[in-house]
Amino acid sequence: MISINSLITILFVGCASIVSGGWGFVIAAFVAIKFSIEESAAIIWVALPLFAIIFVWGLICLPGPLRRAGIIK
């Protein structure tokens, strides 16, 4: 059986990836519409670097507060 802490961690990571993916696609769609480029090019040149930036930001900023809150070990 999954412990409650593992479930909270899984839910937090899942929600964080949904949020970063959502923002990446929203900004990529805005850039595609504003500059009239293809959607695939906007996703490659805007969304993928944004995913990487949000991932690195998450690695740098989030572990300390999550450890203090007891969500991750």
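This briefing covers the helices, surface and aromatic contact of one protein model. The model is predicted, so local features need pLDDT of at least 70, side-chain atom pairs count only at pLDDT 80 or more, and totals for chains, interfaces and linings use all residues. Residues are numbered from 1 along each chain as its sequence is written, and side-chain values use heavy atoms, with hydrogens and water left out. The protein has 3 helices and 0 strands. Helices (H or I, at least four residues) and strands (E, at least two) are DSSP runs, numbered from the N terminus.

**Overall picture**

- From the N terminus on, the elements run α-α-α.
- Buried residues account for 18% of the 73 residues. Buried means under 20% relative accessible area, exposed over 50%, and partly exposed in between (1.4 Å probe, protein chains only).
- The accessible surface is about 5700 Å², and 77% of it belongs to carbon and sulfur atoms. Areas come from the Shrake-Rupley method with a 1.4 Å probe; for residues, only the protein chains shown count as cover.

**Confidence**

- The average pLDDT is 78, and 85% of the residues score at least 70. This score is the predictor's confidence in each residue, from 0 to 100.
- Among the elements, helix α3 (residues 63-69) has the lowest mean pLDDT, 70. Helix α2 has the highest, 81.

- Helix α1 covers residues 4-34, which is 31 residues. At 1.5 Å a residue it should span 45 Å, and its end C-alpha atoms are 45 Å apart, which agrees. The expected span is 1.5 Å times one less than the number of residues.
- Ser 20, Gly 21, Gly 24, Ala 28, Val 31 and Ala 32 are buried in α1.
- Ser 36 lies in the loop between α1 and α2. Its phi is near 45°, a positive value in a residue other than glycine.
- Ser 36 is exposed, with a relative accessible area of 66%.

**Aromatic pair between α1 and α2**

- The structure holds 1 aromatic pair. The rings of Phe 25 and Phe 51 have their centres 5.8 Å apart and their planes at 70°, so the pair is edge-to-face.
- Phe 25 sits in helix α1 and Phe 51 in helix α2, so the pair ties together parts that are 26 residues apart in sequence.
- Rings of Phe, Tyr and Trp (its six-membered ring) pair if their centres lie within 6.5 Å; planes under 30 degrees apart count as stacked, over 60 as edge-to-face and the rest as tilted.
- Phe 25 is partly exposed at 44% relative accessibility. Phe 51 is partly exposed at 24%.

**Nonpolar surface patch**

- Phe 25, Ile 43, Ile 44, Trp 45 and Leu 48 form a nonpolar patch on the surface. Together they have about 550 Å² of accessible area.
- Patches are made of residues with over 30% relative accessible area and no salt bridge: like charges are joined within 9 Å, nonpolar side chains (Val, Leu, Ile, Met, Phe, Trp, Tyr) within 5 Å. A salt bridge is a side-chain nitrogen of Lys or Arg within 4 Å of a carboxyl oxygen of Asp or Glu.
- Helix α2 (residues 39-61) gives the largest share of the patch, 4 residues.
- Leu 48 is in helix α2. At 45% relative accessibility, Leu 48 counts as partly exposed.

**Ser 40**

- Ser 40 lies in helix α2. Its relative accessibility is 44%, so Ser 40 counts as partly exposed.
- Ser 40 and Ala 29 are 11 residues apart in sequence. In space they are 9.9 Å apart, C-alpha to C-alpha.
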